[in-house]
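Thank you all for making time this morning. Before I say anything, please take a moment with the sequence and the model on the screen.

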Amino acid sequence: MSASAMAALPRAGGLGPRLGLAILGLALLVALLGPGLVPHDPLVQELAARNAPPDALHWLGRDHLGRDVLARLAAGTRISLAVALGATLLAVGLGAGLGVVAEALGRGPSFLVFGAFDMVRAMPSILLALTLMVALGIGTWPLILALGIAFAPHMALVARAAWRRENAAGYVAAARVMGAAPLATTWRHVLPNIAGALVTQAAIIMPRAITTESVLSFFGLGVSPETPSWGRMIAGATRFAESAPHAVLAPVAALCLVTLGFALAGDRLRLALDPLRERGR
Amino acid sequence: MNHAFLHNATQAGLALARQALLLAGIAIAVFLLIRIVPGDVVDAMALEGSLDEEAIADLRADLGLDAGALTQFRIWAGRALGGDFGMSLRFDRPVSELILAALPTTLILAVLALSAGLALGVGLATAAVLWPRSPLPALVEALNLWSIALPTFCVGLASILLFSVGLGWLPVIGQWLSPVLILAIDNAGQVVKPLHEDLKEAATASHIRTARAKGLSPARIVLRHLLPNALTTVVALGGMILAGMIGGALTMEVLFGLPGLGTLAFQAISGRDYPVIQAVVLVFAAGVVVVNGLADLAQRALDPRLRR
């Protein structure tokens, strides 16, 4: 790749964003169609064919329990993306919701809520999610809850900054003078205006949630062991990396590709989703 | 002067008190969180071995697990303040001993990765400002994209597959080269872009124009006039990165089998070893709080504008 092409990567409109959107589109398609794409069952074990290399019938080979890697990859895409999406939505609701409501209600509630968020933020999100998973137990819903809580404070800070900026604007003062209640003003007038900032932050959180899900599953704390997520696939296959590298490579490549897709598509995604940002600059 | 000093000291004191309060809050939260867990170490042991009802009750009483949560917290917090985190439920050794044994590995990993990453990041950003027409600015973008796009977990696994399994150049377990390099490149990628932007903006300042007009060489301008002013940015980024790297270091330790706090946490989590989990989480949280506090103080010391 030439130097000028590399410089063009992160900008919207170049080759990079298109590549990123294509990767994300493909991942989304696989997640939606899921197991239907592959004529094998992701859960069926065939112990005689443990760690079998790729062949004409099983394009990506078998894992350490003789399960079809491609089928697990397709099923895992759905689970990994669904968990990350659920966690991101929870982080938006919890972080932005609590943050904006507390801020709208005044100094006392705001101090309490953001004090709690500061406490959560002092812990690295991976460590916090680990602790939460220890407390909640493994499973898909606890995982979404733990990830959502871990990423909520970042969302809250962005929401607060955006809310304060908007709150200083004339239209909020006008609504206040006309006698609108603070929460109603926030809901009806401020929220639509800060939605762009929230979406931008959500696009940053989503790939991090995907990675953290994989790390947690790798640590044995994510989704339940039989559920095929990328992290569970990596965790199971890493011990047999010497004899069956294909079973590790497939989920690792999927994980790298999707985070790369988010990074490449980043600017374009923001431009497309933010209603207020000027286009064509 | 004296008044200003008093003001600064008060500000710094307030900042420190806030950090201490945060840490206390985290301690309570971590303790309560771990207490919610359904099933404790005795349950886990009973599943594995053949403990009868009486032995289970005895073990609980021995480990102090039969007391109420509040009593347990009071006892635990009192001792923790004195550096005593109790006994590990699994290893039959004091938790503080396990932590102290694991701490050097984690510290060395973090310090190596941070210094190598800062050196690479600062060096590349400076060189890119000195030679703006070279491919270096593009390299800044590429390195930044690398650290955004590729989580260290991915890179670590890919490097195991490529260099250890595929090419056989490096052992999988117990080597330091891969984890340090992976974390350092990730850190450099986070530092290099904001620093490059900072230096480019600073290069348009009037005192730089004066320096250029009086004939100073570009290298001298960068070293004497630009870099010292960018030091606050470096310190701020360094603090942020060190705090952010903890998650990466934890994963790298487990991936590459280094006996640090991350590996200890990993073992403690799978063994339901609460005292160890609590202590490791607290040590990490304390580390983040201390690093943030130090970065804040260093920034105040370096940048007079922040003292007001």
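Predicted model: local features only at pLDDT ≥ 70, side-chain atom pairs only at ≥ 80, totals over all residues.

Residues are numbered from 1 along each chain as its sequence is written, chains are lettered from A and ligands numbered from 1 in the order in which they are written, and side-chain values use heavy atoms, with hydrogens and water left out.

Let me turn to chain A, which has 10 helices and 0 strands, where helices (H or I, at least four residues) and strands (E, at least two) are DSSP runs numbered from the N terminus. Of the 281 residues in chain A, 51% are buried; buried here means under 20% relative accessible area, exposed means over 50%, and partly exposed is in between, with a 1.4 Å probe and protein chains only. If we take contacts (heavy atoms within 4.5 Å) in chain A between residues at least 6 apart in sequence, 67% of them join residues at least 24 apart.

Now to the charged pairs. Over all chains the structure holds 5 salt bridges, each defined as a side-chain nitrogen of Lys or Arg within 4 Å of a carboxyl oxygen of Asp or Glu.

Which parts of chain A does the pair Glu103(A) and Arg164(A) tie together? The two side chains meet in a salt bridge at 2.6 Å, N to O, and because Glu103(A) lies in helix H3 (residues 69–105) and Arg164(A) in helix H6 (residues 140–167), the pair links parts that are 61 residues apart in sequence. Glu103(A) is buried, at 10% relative accessible area, whereas Arg164(A) is partly exposed at 45%.

In chain B, Lys200(B) forms a salt bridge with Glu197(B), with 4.0 Å between the closest N and O atoms. These two residues are 3 apart in helix H8 (residues 177–202) of chain B, so about one helical turn separates them. Lys200(B) is partly exposed at 41%, and Glu197(B) is partly exposed at 37%.
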